[in-house]
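Here is a set of questions and answers on one protein chain.

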Amino acid sequence: MNKEELLKLEAEILASKGQWFVVNSQTGHEEKVLNDLKNKIKAEKMEDQVFDIKISKGLVLTKTGKQKEKNLFPGYLFINMIMSEESWFVVRNTPGVTGFIGSSGRGAKPFPLTVDEVIEMLVPKTEVIVEEVKTTENETVAKKPLFTAPFVVGDFVRVKEGINAGEEGEVSSMDFEKGVAIVLIEMFGRYTNLEISFENVEPVKEY
């Protein structure tokens, strides 16, 4: 997404009619579940209570330097709706949906996300700019900036800002071209690999 598209997405979230909730689905089947949800909502004439469903996506650089779109939260869908008995029943009984995140069970309704949490999860961060350097008249080579970090793979780090601020996890991999680390932390009651920028994590000091 370019800057204009990101601003449009953020404005769309701020103007949402209902509240945002997170539903769990089988990893790798998010697109199918999203389409099944849309069809179910249309068939049940629930458009006046369920307004939008999104998958959190962002652009990442591959090892070859090409950009590709990636699901930032595998196994999760974000749904904007008015939480009622009817809408709750329709959504959680759609094939592929394994439940709402944030519910204590036994018929308890889930807690909605705050607007800040939704923006944090659905609006991708600004991409690392890749500088192009002309080597000859007909050849362009991508010069990728490298980042440094005060930790290594296997270290435990703490998230400094955002929805996961204060949480700790183990660094499972690092991408020095993108300046991000993959950190295993607990999220929504299960352990998830999150992609976090080097600058937003700090090593956990041992005493």
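Predicted model: local features only at pLDDT ≥ 70, side-chain atom pairs only at ≥ 80, totals over all residues.

Q: Is Glu-44 buried, partly exposed or exposed?
A: Glu-44 sits in the loop between helix H2 (30-43) and strand S2 (50-54). Buried means under 20% and exposed over 50%, with partly exposed in between. Glu-44 has 39% relative accessibility, so the label is partly exposed.

Q: What is the phi of Lys-45 near?
A: Lys-45 lies in the loop between H2 and S2. Its side is open to the probe: at 65% relative accessibility, Lys-45 counts as exposed. Most residues other than glycine have a negative phi. Lys-45 has a positive value, near 55°.

Q: How many aromatic pairs does a search of the whole structure find?
A: Rings pair if their centres lie within 6.5 Å. Phe-21 and Phe-100 form one of the pairs, with centres 6.2 Å apart. Phe-73 and Phe-78 also form an aromatic pair, at 6.0 Å centre to centre. The search of the whole structure gives 2.

Q: What kind of pair do the rings of Phe-21 and Phe-100 make?
A: A pair of aromatic rings is described by the distance of the centres and the angle of the planes. Planes over 60 degrees apart count as edge-to-face. The planes of Phe-21 and Phe-100 stand at 90°, so the pair is edge-to-face.

Q: How many residues apart in sequence are the parts that Phe-21 and Phe-100 tie together?
A: Phe-21 is buried at 1% relative accessibility. Phe-100 is buried too, at 11%. Phe-21 belongs to strand S1 (residues 19-25) and Phe-100 to strand S6 (residues 97-100), so the pair ties together parts whose separation in sequence is 79 residues.

Q: What is the angle between the planes of Phe-73 and Phe-78?
A: Both Phe-73 and Phe-78 are buried. Their aromatic pair is edge-to-face. That label needs planes over 60 degrees apart. The angle between the planes is 70°.

Q: How far apart in space are Ile-101 and Val-23, C-alpha to C-alpha?
A: Ile-101 lies in the loop between S6 and helix H4 (115-122). At 13% relative accessibility, Ile-101 counts as buried. Ile-101 and Val-23 are 78 residues apart in sequence. In space, C-alpha to C-alpha, the distance is 5.6 Å.

Q: Which residue forms a salt bridge with Glu-12?
A: A salt bridge needs a side-chain nitrogen of Lys or Arg within 4 Å of a carboxyl oxygen. The closest N and O atoms of this pair are 2.9 Å apart. Glu-12 is in helix H1 (residues 3-14), and its partner is in strand S2, 42 residues apart. The partner is Lys-54.

Q: Which residues are linked with Lys-54 in a network of salt bridges?
A: Lys-54 is buried at 16% relative accessibility. Its side chain meets that of Asp-52 in a salt bridge (3.2 Å, N to O). Asp-52 is buried at 19%, whereas Glu-12 is partly exposed at 36%. The residues linked with Lys-54 are Glu-12 and Asp-52.

Q: Where does Lys-109, the salt-bridge partner of Glu-85, lie?
A: The closest N and O atoms of Glu-85 and Lys-109 are 2.7 Å apart. Glu-85 is exposed at 54%, and Lys-109 is partly exposed at 30%. The pair links distant parts of the chain, 24 residues apart, with Glu-85 in helix H3 (residues 85-92). Lys-109 lies in the loop between S6 and H4.

Q: How many salt bridges does the count come to?
A: The rule asks for nitrogen and oxygen within 4 Å. Among the pairs are Glu-12 with Lys-54 and Glu-85 with Lys-109. The count comes to 8.

Q: How far apart in space are Glu-69 and Gly-58, C-alpha to C-alpha?
A: Glu-69 is found in strand S4 (residues 67-71). Glu-69 is exposed, with a relative accessible area of 55%. Glu-69 and Gly-58 are 11 residues apart in sequence. Their C-alpha to C-alpha distance is 5.5 Å.

Note on methods
Residues numbered from 1 in each chain as written. Heavy atoms only, no water. Helix = DSSP H or I, 4+ residues; strand = E, 2+ residues; numbered from the N terminus. Buried < 20%, exposed > 50% of the residue type's maximum accessible area, 1.4 Å probe, protein only. Phe/Tyr/Trp six-rings, centres within 6.5 Å; stacked < 30°, edge-to-face > 60°.
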